[in-house]
Amino acid sequence: MATFSQVIDDFKNLVFSDSKTVALRKKIKENGTYEDVQQYAYRIGQLMSDSLVKVDNMSADDIETLTTKLSIIMKNYINGAAEYAQKHLNESGGINLATKTDVYVEDLVTQTIKSFNPDMDEATIKSRLETASTTQNLKQVDSIQSKNAKFINSNGYKVTVTRVYDNIGVHNREDTCEWCKERCGKDVPYDDAKANGMFQRHPG
């Protein structure tokens, strides 16, 4: 049976050896955008599900503790990436303000694990874990963007929001999601963007 340390070490090794996360982390540090951070967050969510699906013969309480620990690690990775992206954004706009990364994100992974039953096959478990972890991570990036936009806007800067529908993320669906399309727009003033749900995300 894998121990906490083994699963956590496996996840960390995956994050720092995966070619996609390595390339994205380098790009984000140099001059990355929130789009890059979203791709990074999505990828490490996939890697977390890869680590969790290997867990066997661990009690429900232990798995919940483990997912909490992994979620904290993921959150720290995403916070670091988002801080770089926001600093780049502030510098390009001549904004001399601190970045904000301390946000609350619902623990979707633990909720998903609690819904599992013994009859589920491995493919179903992995698919649901990946959806939960990637959605949780993308929601964190959305919340960080929203918090920074609100902070900058409240300090007298004119903040506008652009959201593009690209069907990348938790959907990956062939049909168009009208819920998401309704929340897209270009150069929308912050207050209107917030009211129109442009920082919201949903699974499914």
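So, confidence: helix α7, residues 178-181, is where it's lowest, at a mean pLDDT of 85, and helix α2, residues 19-31, is where it's highest, at 97. This is a predicted model, by the way. Across the protein the average pLDDT is 88, and 94% of the residues score at least 70.

Okay, on to the inside. The largest nonpolar core has 35 residues, and the ones touching the most other members are Phe11, Val37, Tyr40, Leu52, Leu66 and Leu70. The biggest share is α4's, with ten residues.

Leaving out residues up to four places away in sequence, Leu52 touches Leu66, Thr67, Leu70, Val109, Ile113 and Leu129.

Now the α3 and α4 pair. How do they pack? Their angle is about 165 degrees and their axes sit 9 Å apart. Anything over 145 counts as roughly antiparallel, so that's what we call α3 and α4. The crossing, if you're wondering about the hand, is right-handed.

And who's actually meeting whom? From α3 you've got Tyr34, Val37, Tyr40, Ala41, Ile44, Gly45, Met48 and Leu52. On the α4 side, the partners include Leu66, Thr67, Leu70, Ser71, Met74 and Tyr77, and also Ala81, Ala85 and Leu89. Leu52, Leu66 and Leu70 turn up here, and they're also among those with the most contacts to other members of the largest core.

Technical notes: Residues are numbered from 1 along each chain as its sequence is written. This is a predicted model: local features need pLDDT of at least 70, side-chain atom pairs count only at pLDDT 80 or more; totals for chains, interfaces and linings use all residues. Side-chain values use heavy atoms; hydrogens and water are left out. pLDDT is the predictor's confidence in each residue, from 0 to 100. Helices (H or I, at least four residues) and strands (E, at least two) are DSSP runs, numbered from the N terminus. A nonpolar core is a set of buried Ala, Val, Leu, Ile, Met, Phe, Trp, Tyr and Cys residues joined through side-chain atoms within 4.5 Å. Buried means under 20% relative accessible area, exposed over 50%, partly exposed in between (1.4 Å probe, protein chains only). Contact means heavy atoms within 4.5 Å. Axes are lines fitted to C-alpha atoms, for helices over the stretch in contact, and angles run from 0 to 180 degrees between N-to-C directions. Angles under 35 degrees count as roughly parallel, over 145 as roughly antiparallel, 65 to 115 as roughly perpendicular and the rest as oblique. A crossing is left-handed if the near helix is turned anticlockwise from the far one by less than a right angle, and right-handed if clockwise.
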